[in-house]
Amino acid sequence: RFPKEKHLLDDLILQKVCKLSWIEPQNIIKGQSQFNFDLVMPDVNNYFKLIRNEKSPRKKLINLENIFSSINRLLIFNGVTKAGVDDQIPLLTYCFIKTRPIMIYTDCKFMELYIGEKKNKGEDNQLAQMTTICDFIKGVSAKSFFNVDEEEFNRKSQDAFTEYMENYFEN
């Protein structure tokens with residue numbers, strides 16, 4: 001069992017992600033808003049759900065790898081042939097915000113803990129990138145995005161969270 005603090009971090013991350021549902025690609029991806037996220041969003045959403053539902057840390061990691069493969073496919077489709085972390089992280093962060101993965105921080109820590117030394121360098125980098133995105137989301141502010149001022153950020157975030165909560169309690 002994981003300490004309650006990790007679950008509280010997951011709750012905080014989900015709450016912040018819900019507040020960010022209004023974010024557009026141009027707010028997070030500098031100069032590259034031409035990406036057609038519809039090409040990968042269904043797959044990415046499905047892989048995040050599989051990570052949450054899988055019991056095996058190895059299978060969780062395979063789904064994490066599939067998320068990165070989807071992001072790389074999107075980059076290649078847009079002519080970026082040698083994608084690095086600087087290319088992947090903004091796209092992955094946008095997908096993360098739009099798909100609202102549940103308990104991803106706890107799942108990443110679970111994968112790190114139970115796979116330990118058995119993971120390869122690629123898996124280690126992917127876990128580190130996902131943890132970086134979780135940390136980014138935890139500390140997000142208007143200054144974290146392009147073309148967003150503080151007042152607009154606060155207003156849109158509050159409106160998005162209110163809408164999320166209204167929908168949550170309706171269902």
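Visitor: Where is Leu8 found?

Guide: Leu8 is found in helix 1, residues 4-19. Helices here are DSSP runs of H or I with at least four residues, and strands are runs of E with at least two, numbered from the N terminus. This is a predicted model, in which local features need pLDDT of at least 70 and side-chain atom pairs count only at pLDDT 80 or more, while totals for chains, interfaces and linings use all residues. Residues are numbered from 1 along each chain as its sequence is written, and side-chain values use heavy atoms, with hydrogens and water left out.

Visitor: Why is Leu8 called partly exposed?

Guide: The relative accessible area of Leu8 is 48%. Buried means under 20%, exposed means over 50%, and partly exposed is in between, with a 1.4 Å probe and protein chains only. Leu8 is therefore partly exposed.

Visitor: What makes Ile133 buried?

Guide: Ile133, in helix 7 (residues 121-138), has a relative accessible area of 1%, so the residue is buried. Leaving aside neighbours within four places in sequence, Ile133 is in contact (heavy atoms within 4.5 Å) with Ile89, Leu92, Thr93 and Phe96.

Visitor: Which residues have the most contacts inside the largest nonpolar core?

Guide: They are Phe37 and Phe96, in a core of 46 residues. A nonpolar core is a set of buried Ala, Val, Leu, Ile, Met, Phe, Trp, Tyr and Cys residues joined through side-chain atoms within 4.5 Å. Among the elements that give two or more residues to this core are helix 1, helix 3 (41-53) and helix 5 (85-99).

Visitor: How do you know that Phe37 is buried?

Guide: Phe37 has 7% relative accessibility, so Phe37 counts as buried. Leaving aside neighbours within four places in sequence, its contacts include Pro25, Leu74, Tyr94 and Cys95.

Visitor: How many aromatic pairs are there?

Guide: The count comes to seven. Rings of Phe, Tyr and Trp (its six-membered ring) pair if their centres lie within 6.5 Å; planes under 30 degrees apart count as stacked, over 60 as edge-to-face and the rest as tilted.

Visitor: Why is the pair of Phe37 and Tyr94 called tilted?

Guide: The ring centres of Phe37 and Tyr94 are 4.4 Å apart and the planes are at 50°, so the pair is tilted. The pair links distant parts of the chain, 57 residues apart: Phe37 is in the loop between helix 2 (25-28) and helix 3, and Tyr94 is in helix 5. Tyr94 is buried, with a relative accessible area of 9%.

Visitor: What makes the pair of Phe48 and Phe96 edge-to-face?

Guide: The ring planes of Phe48 and Phe96 are at 85°, with centres 5.9 Å apart, so the pair is edge-to-face. Phe48 in helix 3 and Phe96 in helix 5 are 48 residues apart, and both are buried.

Visitor: Which residues do ring pairs link into a cluster?

Guide: Trp22, Phe136, Phe145 and Phe153 are linked in this way.
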